[in-house]
Amino acid sequence: MKIARSILIITATTFLTSCALIEKYSYKPAELSTLEKAPKLDMKTFFNGDIEVFAITQDNTGKIIGSYTAKMNGKWDDNKGVIQQNFVYDSGKKDSRTWLITSDTDGTFTAVGHDVATPVKGKQVGNGMQMIYTLLVKGSEGKKLSIDHEDVMYLVDERSAIGTALIRKEGSPSSKSIISYKKLGKTE
């Protein structure tokens, strides 16, 4: 009886410790922090027309492992938007993504894309915007991999924004991109 009781106590303690560690190391999206005196971000205004993007990507130790540029174009019809992205990576690889976005009056939005696992949940607050989503990408052996993203963008002025994209593979931090957005043409 004492052995069974000891095993039960050890098992329960191990289970509770494991749950606590899982909770401690589970990923939780950051709260969106904004600047009071910065211009308010309206994604329908900023992502309307052409935008140039420049970015560097770092591994989880901070070492720069790549860079990319992108051309973006957005168009809106009331609360429905289409944003086309065309990427060129430092390796020469090219990629594209088209986002179909539906914005709500409370600052939240949803988005879908051809390689997005489930609809994106996003929000805009003050000068900031946050999107959390999972991309399905082809791995080295041809099988689909799920890559989790948390993109945050902050409007600096009416024509410029800076953002980060935190990337997690299999639940562990993998890399981070630091991104600069520059709106081209006239600002409406």
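1. I56, I64, V156, I162 and I178 make a nonpolar surface patch of about 410 Å². Patches here are built from residues with over 30% relative accessible area and no salt bridge, joining like charges within 9 Å and nonpolar side chains (Val, Leu, Ile, Met, Phe, Trp, Tyr) within 5 Å. The areas come from the Shrake-Rupley method with a 1.4 Å probe, and for residues only the protein chains shown count as cover.

2. A word on the ground rules. This is a predicted model, in which local features need pLDDT of at least 70 and side-chain atom pairs count only at pLDDT 80 or more, while totals for chains, interfaces and linings use all residues. Residues are numbered from 1 along each chain as its sequence is written, and side-chain values use heavy atoms, with hydrogens and water left out.

3. V156 has a relative accessible area of 46%, so the residue counts as partly exposed. For the burial classes, buried means under 20% relative accessible area, exposed over 50%, and partly exposed in between (1.4 Å probe, protein chains only). L155, also found in strand β8, is buried with a relative accessible area of 6%. Its C-alpha lies 6.0 Å from that of L41, although L155 and L41 are 114 residues apart in sequence.

4. Now the overall fold. The barrel is closed by 10 strands in the order β1-β2-β3-β4-β5-β6-β7-β8-β9-β10, with antiparallel pairing. On average, neighbouring strands of this sheet are turned by 25 degrees against each other, direction ignored; the axes are lines fitted to C-alpha atoms (for helices over the stretch in contact), with angles from 0 to 180 degrees between N-to-C directions. Two strands are said to pair if DSSP finds at least two bridges between them. As background, strands of a sheet pair through backbone hydrogen bonds, either parallel or antiparallel.

5. Strand β4 (residues 94–103) and strand β5 (residues 108–112) pair in the antiparallel sense over 4 bridges, and T102 has T110 in β5 as its bridge partner. β5 and β6 are also antiparallel, over 4 bridges, with F109 opposite G122 in β6. β6 and β7 pair in the antiparallel sense over 5 bridges, and here G122 stands opposite M131 in β7. These two strands form a hairpin with 2 residues between them, and G126 in the turn has a positive phi of about 55 degrees.

6. Which residues of β6 are on its covered face, and which on the uncovered one? V120, G122 and Q124 are on the covered face, whereas K121, K123 and V125 are on the uncovered one. In a regular strand the side chains alternate between the two faces of the sheet.

7. One backbone angle to look at is that of D78. Phi of D78 is near 60 degrees, a positive value in a residue other than glycine. D78 lies in the loop between β2 (64–77) and β3 (80–89) and is exposed, with a relative accessible area of 62%.

8. The structure holds 2 salt bridges, each defined as a side-chain nitrogen of Lys or Arg within 4 Å of a carboxyl oxygen of Asp or Glu. One joins K71 and E52 at 2.9 Å, N to O. K71 lies in strand β2 and E52 in strand β1 (residues 49–59), so this pair ties together parts that are 19 residues apart in sequence. K71 is partly exposed at 48% relative accessibility, and E52 is partly exposed at 23%.

9. D115 forms a salt bridge with R97, whose closest N and O atoms are 2.9 Å apart. D115 is in the loop between β5 and β6 (120–125) and R97 is in strand β4, 18 residues apart. Both D115 and R97 are buried.

10. Finally, the rings. There are 6 aromatic pairs in the whole structure; rings of Phe, Tyr and Trp (its six-membered ring) pair if their centres lie within 6.5 Å, and planes under 30 degrees apart count as stacked, over 60 as edge-to-face and the rest as tilted. The F46 and F47 rings have centres 5.2 Å apart and planes at 85 degrees, so this pair is edge-to-face. F46 and F47 are both buried. W99 and Y133 also form an edge-to-face pair, 5.2 Å centre to centre with 80 degrees between the planes. W99 lies in strand β4 and Y133 in strand β7 (residues 128–138), so the pair ties together parts 34 residues apart in sequence. W99 and Y133 are both buried. Ring pairs also link F46, F47 and Y181 into a cluster.
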